[in-house]
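Here is a structure to read together. Please look it over first.

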Amino acid sequence: MTLDLTKLISGVQSQIDFEFEFALDKSYLESIGSVDASLFKVSGYLKKLSERYDLTLTYSGEVVFECHRCLQNVKLTLKNDIKRIVVSERESDVDAEWLTYEGYAIPLVPILEEDITLILPLQVLCAESCKGLCPSCGVDLNKETCTCDETKIDPRLEALKHLFT
Ligand SMILES: [Zn+2]
Ligand SMILES: [Zn+2]
């Protein structure tokens, strides 16, 4: 998924409109802790402005995570707009905010992966009120109750009990 710059460089066109569907890479999904994802849609345009390019795009898709507390699958819809200036890496005067490319094509995947990483929540929960799993028996406390709290006595309290009996 790259944007071919040859028509812009030769001056045949001053803008390229594009629309892609793409699957996020498995290793990328693993790196963000996701277990699955839908196909992503991306559309936008690249406009030539003298020595620079103006990249504007919109993307959307769904990514599945396990709830941080109860491990249930949670589907997140990700959607964002990106507006960046892109210049050749041979350009000497490059602003830190700009993207650079090599040769005659701009790869879109790294741009999208970087943005997705930035907009992800720090912790994915199925609900703010998720009760999580019981640390002793592992039941999902959203669906069941267990008696671990009642039967388990803190060993430090157990020791104190002897002092008073
Ligand atoms: Zn949960
Ligand atoms: Zn329990």
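**Reading the model**

Me: Is L71 buried, partly exposed or exposed?
Reply: A residue is buried if 20 or more other C-beta atoms lie within 10 Å of its own, exposed if 12 or fewer, and partly exposed in between, with C-beta atoms placed from the backbone. L71 has 14 other C-beta atoms within 10 Å, so L71 is partly exposed.

Me: What should I know about the source and the numbering?
Reply: This is a predicted model, where local features need pLDDT of at least 70, side-chain atom pairs count only at pLDDT 80 or more, and totals for chains, interfaces and linings use all residues. Residues are numbered from 1 along each chain as its sequence is written, while chains are lettered from A and ligands numbered from 1 in the order in which they are written.

Me: What is the phi of L71, and where does L71 lie?
Reply: Most residues other than glycine have a negative phi. L71 is not a glycine, yet its phi is positive, near 70°. Strands (E, at least two residues) and helices (H or I, at least four) are DSSP runs, numbered from the N terminus. L71 lies in the loop between β5 and β6.

Me: Is S50 buried or exposed?
Reply: S50 sits in the loop between β4 and β5. S50 also has a positive phi, about 40°, without being a glycine. With 5 other C-beta atoms within 10 Å, S50 is exposed.

Me: Which residues does T56 contact, leaving aside neighbours within four places in sequence?
Reply: T56 belongs to strand β5 (residues 52-66). T56 is partly exposed because it has 13 C-beta neighbours inside 10 Å. Contact means C-beta atoms, placed from the backbone, within 7 Å. By that rule, the partners of T56 are G44, Y45 and K83.

Me: Which residues of helix α3 are buried, and which exposed residues lie on the face turned away?
Reply: In α3 (residues 109-119), the buried residues are I111, L112 and I116. They cover an arc of only 125° around the axis (taken from the directions to the C-beta atoms), so they are on the same side of α3. The face turned away carries the exposed P110, E114, T117 and L118.

Notes. Two residues are in contact if their C-beta atoms, placed from the backbone, lie within 7 Å.
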